[in-house]
Amino acid sequence: MELPGTAIAAEGVERRFGDLVAVDRVDIAVRAGEIYGFLGPNGAGKSTLTRVLCTLLRPTSGRATVAGHDVATEADQVRLRVGVALQEAALDDRQTGAEMLALQGRFYGLTRAATRARVAELTDLVDIGSALGRRVGTYSGGMKRRLDLALALVHDPEVLFLDEPTTGLDPVSRSRIWEEVRRLNKELGMTVFLTTQYLEEADELSDRVGIINRGRLVAEGTPESLKRAIGTDVVVVRVEGPVEDARRAVRSLDVVRRVDTSGGTLTVSVSDGPSAISPMAVALSRVPGVTVQELSLRRPSLEDVFLSATGERMAGRRLDAEASRGAEGGRPDTEAS
């Protein structure tokens, strides 16, 4: 049941493509004025659920509301109240930024005067500046992202959906997008639903985070509460040799709460990191064929939460554009498992 002050609510939402279950009975409630980070491996269902909430896909079953309106039966009312910037920006390289913003204003029924006033506000808000008079084809990747964000904001939406807003951007452009998202949220009270592959981005911006895996919501909470749930400390061990034998040796220690493996790396949750280092080193030294290449102690991160919830490391954490080219945005019919 949708509670007062809820901007986005999903109740048992399922989306199928034939026999493929892309979203599997997901429940989500996002408060008005909140930045909600939505994470998951490629193919986990992130973009499919985002498209359901944006009315681009109908749910197979279940119910979802955005800004108080049902996404299936009141799609037009939802569209009037949301701004959407998807992973692949639908920009016309032959038009100028100003022409595209004016056209967007007309689509939403704004008068020319109202559109001009709104564009003037957005010029500062999303830092598009003098580029508005140039053709979009001359824009850098970062500038195209900012124009796409401005297009999503022309009609002053209640809820903003950002799907991979910084994929492929350099660190400077990414930082500027972060600043703009914060301003929209803090100064305008705008609710932001942020789908991202970058764990640092989710950690930096989100009030709460939800993690989806194989179509199901597997973890949810504030970044700090999710990190605390992993354990007090994390020991990262990189080994050569039989990883499963190394995992069993480490897991047998009383100080160890949990061990996750990815390739030749063991991520070990422990109650007291400093006291766990020596027993772990001794246990691993006794495993035939195992050589410890690196052993380090650190506090839990959102990456540890992600690994614990999904059993996978998130490629996007490296800010590697190549790692994110296989993201879900373009082909929802392949998105599952």
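Biologist: In this predicted model, which residues lie nearest the centre of the largest pocket?
Modeller: The largest pocket has a volume of about 470 Å³, and 20 residues make up its lining. Strand S6 (82–85), helix H3 (97–107) and helix H5 each supply at least two residues of that lining. Those that lie nearest the centre of the pocket are Val84, Ala90, Gln104, Tyr108 and Asp148.

Biologist: Which element gives the most to the lining of the largest pocket?
Modeller: By class, the lining of this pocket divides into 13 nonpolar, four polar and three charged residues. Among the elements that supply at least two of the lining residues are S6 and H5, but the one that gives the most, with four residues, is H3.

Biologist: Turning to the cavities, from which element does the largest share of the lining of the largest cavity come?
Modeller: The structure holds two cavities of 30 Å³ or more, and the largest has a volume of about 80 Å³. Its lining includes Arg145, Asp148, Leu149, Ile177 and Val181, and the residues of the lining divide into seven nonpolar, no polar and two charged. Helix H5 (141–153) and helix H6 (171–188) are the elements that give two or more residues, and the largest share, three residues, comes from H5.

Biologist: And which element gives the most to the lining of the second largest cavity?
Modeller: The second largest cavity, with a volume of about 30 Å³, is lined by Ile230, Asp260, Thr267, Ser269, Asp304, Leu307 and Ser308. These residues divide into two nonpolar, three polar and two charged. The elements that give two or more of them are S13 and H11, and the one that gives the most, with three residues, is H11.

Biologist: Which residues of H11 make the contact with H8?
Modeller: The axes of helix H8 (residues 223–230) and H11 come within 9 Å and cross at roughly 65°, and H8 passes H11 in a left-handed crossing. By class, their contact has five nonpolar, one polar and two charged residues. On the H8 side the contact is made by Pro223, Leu226, Lys227 and Ile230, and on the H11 side by Leu302, Asp304, Val305 and Ser308.

Biologist: Which strands are the edge strands of the open sheet of four strands?
Modeller: The strands of this open sheet have the order S12-S13-S11-S14, and their pairing is antiparallel. An edge strand pairs on one side only, and this holds for strand S12 (256–262) and strand S14 (291–298).

Definitions and conventions: Residues are numbered from 1 along each chain as its sequence is written. This is a predicted model: local features need pLDDT of at least 70, side-chain atom pairs count only at pLDDT 80 or more; totals for chains, interfaces and linings use all residues. Side-chain values use heavy atoms; hydrogens and water are left out. Two strands pair if DSSP finds at least two bridges between them. Axes are lines fitted to C-alpha atoms, for helices over the stretch in contact, and angles run from 0 to 180 degrees between N-to-C directions. A crossing is left-handed if the near helix is turned anticlockwise from the far one by less than a right angle, and right-handed if clockwise. Contact means heavy atoms within 4.5 Å. Ala, Val, Leu, Ile, Met, Phe, Trp, Tyr, Cys and Pro count as nonpolar, Asp, Glu, Lys and Arg as charged, and the others, Gly among them, as polar. On a 1 Å grid over the protein atoms alone, a cavity is a set of points where a 1.4 Å probe fits but cannot get out, and a pocket is an open set with protein on both sides within 12 Å along at least five of seven lines; lining residues have an atom within 4 Å of a point. Grid points are joined across faces, edges and corners, and a volume is the space filled by probe spheres set on the points.
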